[in-house]
Amino acid sequence: MEGRLILALILGVCTAIPCHGYYSESKPYVPPAEKVTQLHFFLHDTVSGKDPSAVLVARPNFTTAFNNTPIPFGSVFAIDDPITVGPNLTSGVIGNAQGLWASTGKDVLDLVVYWDIGFTEGKFNGSSFSLFSRNTITQTEREAAVVGGRGEFRMAKGVAKFKTYFADFSTADAIMECNITLIHY
């Protein structure tokens, strides 16, 4: 009984002491002026060969005709795709897109992508922005939502417009031309 009384007293004292230090007083947020940046580059997504930039990390457990495709419904790929100034890898790598894409369309080849596109060269070296959106790769032109960024692209929002430059549907290899409009601080 005495032990319970001491425990109750300790708990009462601990809850009565205000816990400061993990927050500060609220102040109105005054954002800096918004900037708009236009980017143009090519993204190389290679599933085949000895040095792929996209690898299967999870696949569905079923046996249907979809198993004979390179991207069956339910597949998840991790990517580290180079981004370049021009459509050829030799045109100069300026960064990479890292993240995941999952095959989410049962009837249409839809992917849901989460990519962090980071720059390793030039004016935006060390900065990145993030995409999270549906990507219906059977359409020649499509767009994805920009949902954040860091470095020069802090608090980014905007839109990424993709155009298929090259696609091999037997291997799932593709090159996309990317036009990005970023609104950031």
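Here are a few notes on salt bridges, aromatic pairs and a surface patch in this predicted model.

1. Ground rules. The model is predicted, so local features need pLDDT of at least 70 and side-chain atom pairs count only at pLDDT 80 or more, while totals for chains, interfaces and linings use all residues. Numbering runs from 1 along each chain as its sequence is written, and side-chain values use heavy atoms, with hydrogens and water left out.

2. Salt bridges. The whole structure turns up two of them (a side-chain nitrogen of Lys or Arg within 4 Å of a carboxyl oxygen of Asp or Glu). One joins Lys 157 to Glu 34, at 3.7 Å from N to O. That pair links distant parts of the chain: Lys 157 sits in strand 8 (residues 157–168), Glu 34 in the loop between helix 1 (2–16) and strand 1 (35–45), and they are 123 residues apart. Helices (H or I, at least four residues) and strands (E, at least two) are DSSP runs, numbered from the N terminus. Lys 157 counts as partly exposed at 44% relative accessibility, and Glu 34 counts as partly exposed at 46%. For the cut-offs, buried is under 20% relative accessible area, exposed is over 50%, and partly exposed is in between (1.4 Å probe, protein chains only).

3. Asp 110 and Arg 134. These side chains meet in a salt bridge at 3.5 Å, N to O. Asp 110 is in strand 5 (residues 110–119) and Arg 134 in strand 6 (residues 128–136), 24 residues apart. Is each end buried or exposed? Asp 110 is buried, at 10% relative accessibility, whereas Arg 134 is exposed, at 55%.

4. Aromatic pairs. There are nine in the whole structure. Rings of Phe, Tyr and Trp (its six-membered ring) pair if their centres lie within 6.5 Å; planes under 30 degrees apart are stacked, over 60 edge-to-face, and the rest tilted. Phe 77 and Trp 101 are stacked, with 4.3 Å between centres and 15° between planes. Phe 77 belongs to strand 3 (residues 76–84) and Trp 101 to strand 4 (residues 93–103); both residues are buried.

5. The Phe cluster. Phe 41, Phe 119, Phe 124, Phe 129 and Phe 153 form one aromatic cluster. Within that list, Phe 119 and Phe 129 are both buried.

6. Surface patch. Val 55, Val 57 and Leu 100 make a nonpolar patch with about 240 Å² of accessible area together. Patch residues have over 30% relative accessible area and no salt bridge, with like charges joined within 9 Å and nonpolar side chains (Val, Leu, Ile, Met, Phe, Trp, Tyr) within 5 Å; areas come from the Shrake-Rupley method with a 1.4 Å probe, and for residues only the protein chains shown count as cover. Val 57, in strand 2 (residues 54–58), is exposed at 51% relative accessibility.
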